[in-house]
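Visitor: Hi, could you walk me through this structure? I'm new to this, so please take it one piece at a time.

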Amino acid sequence: MEKILAPSLLAGDHGNLRKSLAEVEEDGRKWIHLDLMDGHFVPNLSFGPQTVADLRPHSKLFFDVHLMLDRPDLYLDPFIAAGSELITIHLEPDYDHQAALDKIRNAGLKTGLAINPDTPVDLFFPYLDQVDLFLCMTVNPGFGGQSFKDYVLEKVQELSDRRKSGGHTFLIEVDGGVGPQHVENCLDAGVDIFVAGTSYYKSTPDERANFARSVGENF
Ligand code: DX5
Ligand code: ZN
C-alpha cells in the first residue's frame, strides 16, 4: 500500500473544524486523523462522537479515529455509528481488548491498536494476525506540539521486522511531533502512516505537498 500523510484535526481550528477538515481535503490528502480524549487516560479533552458524526457528511476523507480513552469499549457504538472507518484503541488501560477489537471488526471497520512511547512493543505481538494498524505513539498522548521521541523507532523497526518474517500485512502508524525532518528515519524503520498535527497545519500549501510527497503519498 502507498504511504499516507494523515493530518491530525486536533491542530485545526476547533471553532471551525469543518473548515480545517475541508482544507486537508483540498490539499489532496486521503486520510484525516481524529483524536478523542477523555481527561482520564490523557490529561486533556478534545471532542466527542457527535463532532465526528457531524463532520462525516462533509468529507470523503478516510476517518482514522484514535481513541485515547480509559474505557474505549464503552464508546465504540457511537464512534462506529458516526462513520469512523478505522478505530484505534490503546492497550494500556484495563478492559477487554479482544472483545473491543472484535466489535470494531464485526461492524465492518478496520482495527487499530496503540501503545504509548514507554509501553513495550511485545504487547502487540499476540495481535499481529488480526489487527489492521499498529500505532506507536511518538509522544505521550494528550497534547499536540510536543517533541518526537526518536527511540520509538526501535519499536517500529521490530514490528516491521516481524511483519516481514511473519508475512503479515498490517500497517504501522506514528503519531506525535512528526514533521518532515523525521520522514527519512521513519521510512527506514518501516512506517506507513504519518500522523502530523502542528507541523501540518502551520505549513504552507507547498510545504504540505512536499511533506506528502516525501512520505511517498501519491496525489
Ligand atoms: C497526541 C495526539 C496526536 C496529536 C499530534 O495526543 O494523539 O494525534 O494530534 O499532534 P502533533 O503532530 O502536533 O504532535
Ligand atoms: Zn492521535
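Guide: Let us begin with a term we will need for the helices: the expected span of a helix is 1.5 Å times one less than its number of residues. Please also keep in mind that what you see is a predicted model.

Visitor: Okay, so how far does α5 reach from its first C-alpha to its last?

Guide: Helix α5, which covers residues 152-166 and so has 15 residues, reaches 21 Å between those two atoms, and this is close to the 21 Å expected at 1.5 Å a residue.

Visitor: Which residues of α5 are buried?

Guide: They are Val152, Leu153, Lys155, Val156, Leu159, Ser160 and Arg163. If you look down the axis of α5, these buried residues fall within an arc of 150 degrees, so they line one face of the helix.

Visitor: What about the face turned away from the buried side of α5, which exposed residues does it carry?

Guide: That face carries Glu154, Lys164 and Ser165, which are exposed. Just after the helix comes Gly167, and this residue takes a positive phi of about 65 degrees.

Visitor: Changing topic: which residues come nearest to ligand 1?

Guide: There are 20 residues around ligand 1, and of these Asp35, Gly142, Asp175, Gly177 and Thr198 come nearest. A polar side-chain atom of Asp35 lies 2.6 Å from an oxygen atom of the ligand, while an N or O atom in the side chain of His33 is 3.5 Å from an oxygen atom of ligand 1. Gly197 takes part through its backbone, where an N or O atom lies 2.8 Å from an oxygen atom of ligand 1.

Visitor: How much of ligand 1 does the protein bury?

Guide: Taken alone, ligand 1 exposes 370 Å², and the protein buries 99% of that.

Visitor: Where is Leu34, and is it buried or exposed?

Guide: Leu34 is found in strand β2, which spans residues 31-37. Because buried means under 20% relative accessible area, Leu34 counts as buried at 0% relative accessibility. Not counting residues up to four places away in sequence, Leu34 touches Leu9, Phe47, Val52, Phe63, Asp64, Val65 and His66.

Visitor: One last thing, where does Thr119 sit, and what does its side chain make a polar contact with?

Guide: Thr119 has its place in the loop between β5 and β6, and with a relative accessible area of 10% it is buried. The side chain of Thr119 makes a polar contact of 2.6 Å with the side chain of Glu92. Leaving aside neighbours within four places in sequence, Thr119 is in contact with Glu92 and Lys155, and Lys155 is one of the buried residues of α5.

Notes. Residues are numbered from 1 along each chain as its sequence is written. Chains are lettered from A and ligands numbered from 1 in the order in which they are written. This is a predicted model: local features need pLDDT of at least 70, side-chain atom pairs count only at pLDDT 80 or more; totals for chains, interfaces and linings use all residues. Side-chain values use heavy atoms; hydrogens and water are left out. Helices (H or I, at least four residues) and strands (E, at least two) are DSSP runs, numbered from the N terminus. Buried means under 20% relative accessible area, exposed over 50%, partly exposed in between (1.4 Å probe, protein chains only). The arc is that of the directions from the helix axis to the C-beta atoms. A residue is near a molecule or strand if one of its heavy atoms lies within 4 Å of it. A polar contact is a pair of N or O atoms within 3.5 Å; within protein, one must be able to donate a hydrogen and the other to accept it, and residues adjacent in sequence count only if both atoms are side-chain atoms. Accessible areas come from the Shrake-Rupley method with a 1.4 Å probe; for residues, only the protein chains shown count as cover. Contact means heavy atoms within 4.5 Å.
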